[in-house]
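Let's take a walk through a protein model together.

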Amino acid sequence: MRSLTLRSGLALAVIAALVPIAALSIMQAQAVLDYNRQLIGTRLIISALAMAGRERTPLIIAKRVVTTFSHNDDVRFATSRCRAGMQAGMVDNPALSNLVRVDAQGRVLCSVLPSPPTMSFGDRQWWPRGRAAHAFTLGTPEICPISGQPVIFGMQPIYGPTGEFEGAVLAAIRLVWLKELLDQEKLSNHAVVAVVTTAGDVLMTTGHGRLPRIDLAQATNSVVEAKTSGGQQWMYAAATLYEGELYLVYAEPRKVLMATALEQVRFSLILPVVTILLTLIGIIVSANRLVVRWLARLSTMAGQFSQGNYRNDLGEFASAPREIQRLSADMHAMAEAIATRDQHLRDALDAKTALTSEVHHRVKNNLQIVSSLLTLQAGRVADPIVREVLNQTRARIGALTQIHHLLHEDAFGSDSIDASHLMTDLCAQLRSLHAHQENVELLCQTASCVMPVSNAVPLSLFAVEAVTNSFRHAFPDNRRGLVTVALNCCGTEGMLSISDNGVGLNGKTECRAVGTLLMAGFVQQLNGTYKVERARTGGTQVMLRFPLNGQAATRHSMPRTPGDVRGNSEGETLAAADAITID
């Protein structure tokens with residue numbers, strides 16, 4: 001999982017802190033929207049009721065006029081004074097265009113305006129409904145056949161003493177007058193007022209805009225939202241204009257009504273978003289200026305310190321925040337302490353290296369002195385056997401000198417060494433030690449083989465003993481020959497082969513020689529195994545196998561051969577190994 005950066009962590013913290021505020025803002029915006037919708041609905045209903053109350057006046061007047069004349073005997077019985085009486089009722093009443101007395105079949109008996117004698121209203125759709133109503137009713141809009149004006153008839157039925165229907169008094173209410181009343185209303189620029197019938201048919205309208213289909217069942221004294229076929233959404237309310245027969249509808253576009261409320265909602269929603277964005281920008285800028293860029297410089301400085309470059313200008317952090325300045329000062333103090341400690345360590349290492357080099361130099365000189373003393377002593381000894389022993393010892397010490405040179409000068413400070421390099425230099429040393437035997441050639445064949453330094457000394461001394469044996473015993477009487485030293489590595493095992501083409505094994509006189517005992521001791525120190533056998537060339541071959549990882553090898557006995565030099569007792573071999581253990 002990837003860790004957060006300082007800026008992203010602070011940003012997430014701020015977002016987590018402001019999300020509840022944003023949620024509250026959204027809830028508040030929704031509450032404001034609902035409240036404004038409720039206020040708008042109340043205003044629409046009040047406007048519809050107020051306009052309906054004003055528009056209802058002509059209808060009330062018409063009802064009173066026809067109700068009054070329905071009880072007037074001249075009108076009731078259609079006397080000669082019927083027309084004059086009704087004409088007086090129309091004075092100062094511009095809403096009415098005519099008053100008519102009809103009989104039970106709807107035929108005109110008396111009319112303020114002249115009418116044809118055969119005219120009848122019995123065929124109107126509204127006639128049966130008005131006849132059965134026993135009260136004032138309104139018809140449907142039509143063109144008056146007498147005045148030729150668009151009107152809506154108000155009908156007051158007349159019943160006899162026994163309850164039989166005797167006809168009705170009709171009042172022709174001018175629709176133009178209703179339209180003029182609507183036009184006098186002070187409406188907003190986008191409002192529309194309409195007078196509709198119970199079936200939802202629009203009688204008249206004022207204002208601009210096409211209304212949707214009116215649902216009076218839901219809109220009466222409540223607010224309805226609906227869309228027109230063109231997709232414009234309206235909010236409207238309806239009020240009864242006359243006793244469930246005519247209704248007044250007041251409507252306004254929803255977009256106009258809700259504009260202010262929606263603006264408040266948008267502001268309530270945008271405000272927390274803008275607040276979060278501004279806060280995030282402030283945090284990013286502040287974090288970058290106050291922390292991040294200084295942390296980057298501290299990181300660069302730490303990288304320089306890790307590379308040993310402790311020179312850094314402390315004044316670079318002079319304008320940084322106080323905490324960063326303190327951290328920079330602490331890092332500089334730590335760098336100075338590390339630099340001082342490193343200097344002390346380097347001085348101690350230099351002193352130790354110089355002391356070690358001096359010790360190695362003195363050891364090498366001492367080995368050379370011992371070798372020189374043996375050379376001088378061998379030159380003064382008359383007995384050839386003693387002289388041979390001293391020369392053999394001098395060869396071994398020379399080999400130690402060469403090994404010391406390789407290990408403590410060429411491979412100083414390393415825990416491993418290239419055995420091929422070691423064998424090559426050792427063969428050159430052995431060739432030099434046996435320079436007087438020009439009849440014998442020494443061939444070194446080594447492969448690249450890395451082994452622990454702890455194995456180098458016993459391996460080299462083993463090779464010295466084996467090669468020296470070949471030079472001493474394999475070529476008597478200046479016989480010409482070849483000694484081959486071969487080193488190979490296979491996985492975790494190394495194999496050293498030293499062979500010659502001399503006279504071969506010559507019995508047990510060599511088996512108890514000091515060199516053979518030393519070889520057995522070196523093999524044990526290598527945790528390896530070896531055997532001596534007749535070579536294919538007719539001479540002698542010494543085979544040594546040992547582990548390259550420095551761990552103990554599984555001890556097993558090699559098959560004995562006729563010339564096996566491991567005829568010594570186990571006690572002699574172990575004693576020899578203990579006597580020459582070299583670490």
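This is a predicted model: local features need pLDDT of at least 70, side-chain atom pairs count only at pLDDT 80 or more; totals for chains, interfaces and linings use all residues.

We'll start with some ground rules, then visit a sheet, some helices and a few loop residues.

Residues are numbered from 1 along each chain as its sequence is written, and side-chain values use heavy atoms, with hydrogens and water left out. Helices (H or I, at least four residues) and strands (E, at least two) are DSSP runs, numbered from the N terminus.

First, the sheet. Strands of a sheet pair through backbone hydrogen bonds, either parallel or antiparallel. Here five strands make an open sheet in the order 13-15-16-18-17, with mixed pairing; two strands pair if DSSP finds at least two bridges between them. Strand 13 (440-446) and strand 17 (529-534) stand at the edges with a single partner strand each, so one side of each has no neighbour in the sheet. From one strand to the next, the twist averages 10 degrees. Further in, strand 16 (residues 493-500) and strand 18 (residues 540-547) pair in the antiparallel sense over seven bridges.

Contact means heavy atoms within 4.5 Å.

Now follow the loop between helix 12 and strand 15, where you'll find Asp477 and Asn478. Most residues other than glycine have a negative phi. Asp477, though, has a positive phi near 60 degrees, and Asn478 has a positive one of about 55 degrees. Are they buried or exposed? Asp477 counts as exposed at 77% relative accessibility, and Asn478 does too at 66%. (Buried means under 20% relative accessible area, exposed over 50%, partly exposed in between, with a 1.4 Å probe and protein chains only.)

Next, a pair of helices. Helix 8 (residues 259-306) and helix 9 (residues 322-380) pack at an angle of about 5 degrees, their axes 11 Å apart. That makes helix 8 roughly parallel to helix 9; angles under 35 degrees count as roughly parallel, over 145 as roughly antiparallel, 65 to 115 as roughly perpendicular and the rest as oblique. Among the residues making the contact are Trp294 and Phe305 of helix 8 and Met331 and His332 of helix 9.

Finally, which residues of helix 5 (residues 175-183) are buried? They are Leu175, Leu178, Leu181 and Leu182. Seen down the axis, they fall within an arc of 115 degrees, so they line one face of helix 5. The arc is that of the directions from the helix axis to the C-beta atoms. Helix 1 (6-70) and strand 5 (150-159) are included in what covers these residues. Helix 4 (residues 126-133) has Trp126, Trp127 and Gly130 buried, and their arc of only 100 degrees puts them on the same side of helix 4. Just after helix 4, His134 takes a positive phi of about 60 degrees.

Conventions: Axes are lines fitted to C-alpha atoms, for helices over the stretch in contact, and angles run from 0 to 180 degrees between N-to-C directions.
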